Amino acid sequence: SNSSAAAMGCSTSRCTVEQQDELFTIAAREMLLLCMQAALESSAPLKIAAPPAVENVRRTALSLRSCAEMAGSLLGLSGVVLEDGGKASSSPGPAPTGLLSGVLAKASALAEDAERSLSSAVPELAKVMKPTRSRAESESLTIEQRTQIAISHIADELDRSVVAFEESLKSAGREIVAKEQQAVLDCYTGMIEKQNFLHVVFLVRGLAPHGPAAYKACKGDAVCTFFTEKSGQRCMDSLMPLLQEAVENHTIKKTWDEMMARWNEANNKLGEFEFSKGFQQEQIQLDMTDYAVKAIVPEIGLLMGKEEAVIRANPLGRSRRPGTFALCFSGDPPLHSRLPEAHYFNRTM
C-alpha cells in the first residue's frame, strides 16, 4: 500500500549543507584550474601599463625644450659667442648682473656640454649651420644656438627612450610568464587548492533559490574575481622570486634602465641652473620586477574571468569531474531542496 511504501522510506535522500557546500567548492576549484590553465596557454597579451613615472620623463623632455628657449634668449641678450675653439666670450657692453650673471657663469660649461652632444646631433646642427654661412659666421657661432641644439637633443633622446620602453611593454607580460610557465602554473595550482570559499553556492549559481534565472544573472567571472581579490596578493608574493630573473633579462628592464639613466642625467642638469631649478623633479624610485609582477597577476585574473564566462555558457564536457561540475554550474535543479545525496557520492567522478 501507499502508506507502507512511505513507511519504507522511498523519498530521495538529500545532501547535508556541508556535503552540498563541498560539492560546490570542488566545482569552483575545478573552474579556477580550468581558467588558469587556459589563461596561461592563451596567446592574448598580459598587458603591463606604463608606470606613472613615464609621465615624469615626458614632462622633463618638455621642460628641457622650454629651458632651451629660455637659455637661448638669456644668452642671446648677453651677446655671448663661441670663439674658435669653443670658448665662450662676451661682446663689449655693460657687465651682466643678477640672473643673467648666473647663467653666464655657466656659459663655458654649457658650451662644453653642447660640444659633446654635437657628435650625435649632426642633423640638428646641420639645420642651424646653413651652407650659406660664411667662414667667419661658422667660427663665431652664438652659444645660444649651440645650447639650444644640445638641450633639445637631450630632450629628443629622452622621448626616444620613452618610445623604446613603451614598445617593450607590449609583449613583456606574456614573454615573462612564458619563461617560467610551469612554475607559474604550479604556483597558481597550489593557491587554488588552498582557497577557501565563502558562500560558494552564491558564487557558482547566484541568488537563492539558485535556479536557471539566478544562474543566468550570475556574473560570468564571479569565481575568478573572488579568487583574484582574495589570493591575488599571495600570488604576487609567490611569483616575485620566480619571475625575477625573467624580468631582469627582458627588454623591459634594459629599456627602463636606459630611460632612467637619461632621465637622471637630464633632471640633474635642470638643477644646475637657477632659471631651470623649478623644472627639476623628485627622484624616481621604482623596482621594475615588483612593478611587472604586480601588473601581470591582475591580467591573468582578467583572462581567467573571460574563460570562466565561456565555460559557464557550456560546462558539459569541460571538467575532469563530469558527474558534478556541469550540475553545479547550471540552474537545474534549483536548490529549493538540497541536491540528492547521490551527487555527493559521485563528487570525484
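Me: Contact means heavy atoms within 4.5 Å. Which residues in α2 meet which residues in α14?

Reply: Some ground rules come before the case. This is a predicted model, in which local features need pLDDT of at least 70 and side-chain atom pairs count only at pLDDT 80 or more, while totals for chains, interfaces and linings use all residues. Residues are numbered from 1 along each chain as its sequence is written, and side-chain values use heavy atoms, with hydrogens and water left out. Helices (H or I, at least four residues) and strands (E, at least two) are DSSP runs, numbered from the N terminus. In α2, Met31, Leu32, Leu34, Cys35, Met36, Ala38, Ala39 and Leu40 meet Ile300, Leu303, Met304, Glu307, Glu308, Ile311 and Arg312 in α14. Nonpolar covers Ala, Val, Leu, Ile, Met, Phe, Trp, Tyr, Cys and Pro, charged covers Asp, Glu, Lys and Arg, and the others, Gly among them, are polar. The contact of α2 with α14 then has twelve nonpolar, no polar and three charged residues.

Me: At what angle do α2 and α14 pack?

Reply: Two packed helices are described by the angle between their axes and the distance between the axes. Axes are lines fitted to C-alpha atoms, for helices over the stretch in contact, and angles run from 0 to 180 degrees between N-to-C directions. Angles under 35 degrees count as roughly parallel, over 145 as roughly antiparallel, 65 to 115 as roughly perpendicular and the rest as oblique. For α2 and α14 (residues 288-313), the angle is about 120° and the axes are 8 Å apart, so the pair is oblique. Their crossing is right-handed, the term for a near helix turned clockwise from the far one by less than a right angle, with anticlockwise giving left-handed.

Me: How do α2 and α9 pack?

Reply: Here α2 (residues 17-41) and α9 (residues 181-194) make an angle of about 165°, with axes 10 Å apart. They are therefore roughly antiparallel, and this crossing too is right-handed. The α2 side of the contact includes Arg29, Leu33 and Gln37, and the α9 side includes Val184, Tyr188 and Ile192. By class, the contact has eight nonpolar, three polar and four charged residues.

Me: What is the angle of α2 and α12?

Reply: It is about 85°, with the axes 10 Å apart, which means that α2 is roughly perpendicular to α12. Ala28, Leu32 and Cys35 of α2 touch Val223, Cys224 and Phe227 of α12. The residues of this contact comprise six nonpolar, no polar and no charged.

Me: Is Cys35 buried or exposed?

Reply: Buried means under 20% relative accessible area, exposed over 50%, and partly exposed in between (1.4 Å probe, protein chains only). Cys35, at 0% relative accessibility, is buried. Cys218 also counts as buried, at 14%. Of the 349 residues of the protein, 44% count as buried.

Me: Where is the place of His250?

Reply: His250 lies in the loop between α12 (222-248) and α13 (251-270). Its relative accessibility is 11%, so His250 counts as buried. Leaving aside residues up to four places away in sequence, His250 touches Ser168, Ala172, Glu175 and Ile176.
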